[in-house]
Amino acid sequence: MTIPSSTAIGPDPGVRRYDSIRDLLPSVDNPTPLVGVDERGADGTLELFLKLEWLNPFGSIKDRAANHLLRGLAARGLLDGRKLVEPSSGNTAIALAALAGMAGTHLTVTIPDGVPQEKKVLLRMLGAEVWETPDDLCPVDHPKDGAIALARSIAASDDRFVMPDQYSNPDNVLAHYETTGPEVWRQTGGLIRTFVAGLGTGGTISGAGAFLKERNPAIRIIGVEPQPGHRIPGLKNFEEAAEPAILDWSVIDDVIRVDDGPAYDTTLRLHRRHGLLVGPSTGAVVHAATAVDGAGLTVGISPDSSLKYTSYFAEILGDDGLPTA
């Protein structure tokens, strides 16, 4: 018996056969899943679903933004013969590195030196050049933006580089307006009443929030912000980091602040009670969702998995699996 080559049989999404990993990027017709989570809310009940973005091909919600950012640069002719430089706490850079590598484009990543080692290793495995960046490189009023300042300096001083700039590029918002928002609306049959997402670049909450508000202005859009000095990768506290230019406060109804302790405790509970291998930002999102009165059908964004943060949890868990502090 002769086994046909992949070229002979061709792609068929119906049996999940594809020409390229890029074909697994999410869309309304190929959404990331919603999974119900039995958590108690502020009023004793909560109909909560998590959108599992870590099941994207490169492991996070940033796959959406990275794809749109690169498509936008290519459409404007800004990628021809140039290298990429981008600041990132890891997830956007991982997706950019994978997509750029397939296109033969070099990526330099400026990354905060406190980012988990797992992410730095993944970036190097994908061929990215990683520059670990201390926070004190940036101005005193924005003590957590050293990586952003360095990347912008490189792009401004060397025309061989172009910066996708997830913090200022509206293509980041467009990614979620065109995919995340429509997916959530369709998956909930329009019954969603509350949408909860972390505050980072602002792309997810601004894009998905705008789409959902257009469909039903009564939907509440809740942002999740960590406390100053936090250790919740991917989220930003705007007392110590500049507000991204693309963050649209007009679609946000409320912001809930979450401490590291409840975020990490909730993350462990999601692992042990629900079998969900989620990262700390998901713990923050779920903890915030439980604080919303009368939330109705709620969708929370689960940006990435715990597999990129095992070193963090190794520091706080003893051999018996219990927190050491």
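Student: Which residues of helix H4 (residues 117-125) are buried in this predicted model?

Tutor: The model is predicted. Elements that cover the buried positions of H4 include helix H3 (91-102), strand E4 (107-112), strand E5 (129-133) and helix H10 (310-316). The buried residues of H4 are Glu118, Lys119, Lys120 and Leu123.

Student: With which residue does Lys120 form a salt bridge?

Tutor: Lys120 is buried, at a relative accessible area of 3%. Its closest N and O atoms in the salt bridge are 3.0 Å apart. The pair links helix H4 to strand E5, across twelve residues. The partner of Lys120 is Glu132.

Student: Is Glu132 buried, partly exposed or exposed?

Tutor: Buried requires under 20% relative accessible area and exposed over 50%. Glu132 has 39% relative accessibility, so it counts as partly exposed.

Student: Which strands stand at the edges of the open sheet?

Tutor: Six strands form the open sheet, with mixed pairing, in the order E1-E2-E10-E7-E8-E9. Each edge strand has a single partner, so one side of each is left without a neighbour in the sheet. The edge strands are E1 (34-37) and E9 (254-258).

Student: Which residue of E10 stands opposite Thr194?

Tutor: Strand E7 (residues 194-198) and strand E10 (residues 297-302) run parallel and are joined by three bridges. The residue of E10 opposite Thr194 is Thr298.

Student: Which element gives the most to the largest nonpolar core?

Tutor: This core has 24 residues, and Val196, Val224, Val258, Leu276 and Ala284 have the most contacts inside it. Strand E2 (47-52), strand E8 (220-226), E9, helix H8 (260-274) and helix H9 (280-289) each give two or more residues. The element that gives the most, with five residues, is H9.

Student: How many residues apart in sequence are the parts tied together by Arg64 and Glu53?

Tutor: The side chains of Arg64 and Glu53 meet in a salt bridge (2.7 Å, N to O). Arg64 is buried at 3% relative accessibility, and Glu53 is buried at 0%. Arg64 lies in helix H2 (residues 62-75) and Glu53 in the loop between E2 and H2, so the parts they tie together are eleven residues apart.

Student: Which residues are linked with Arg64 and Glu53 in a network of salt bridges?

Tutor: A search of the whole structure finds 17 salt bridges. In the network that holds Arg64 and Glu53, the other members are Lys51 and Glu183.

Terms used. Residues are numbered from 1 along each chain as its sequence is written. This is a predicted model: local features need pLDDT of at least 70, side-chain atom pairs count only at pLDDT 80 or more; totals for chains, interfaces and linings use all residues. Side-chain values use heavy atoms; hydrogens and water are left out. Two strands pair if DSSP finds at least two bridges between them. Helices (H or I, at least four residues) and strands (E, at least two) are DSSP runs, numbered from the N terminus. Buried means under 20% relative accessible area, exposed over 50%, partly exposed in between (1.4 Å probe, protein chains only). Contact means heavy atoms within 4.5 Å. A nonpolar core is a set of buried Ala, Val, Leu, Ile, Met, Phe, Trp, Tyr and Cys residues joined through side-chain atoms within 4.5 Å. A salt bridge is a side-chain nitrogen of Lys or Arg within 4 Å of a carboxyl oxygen of Asp or Glu.
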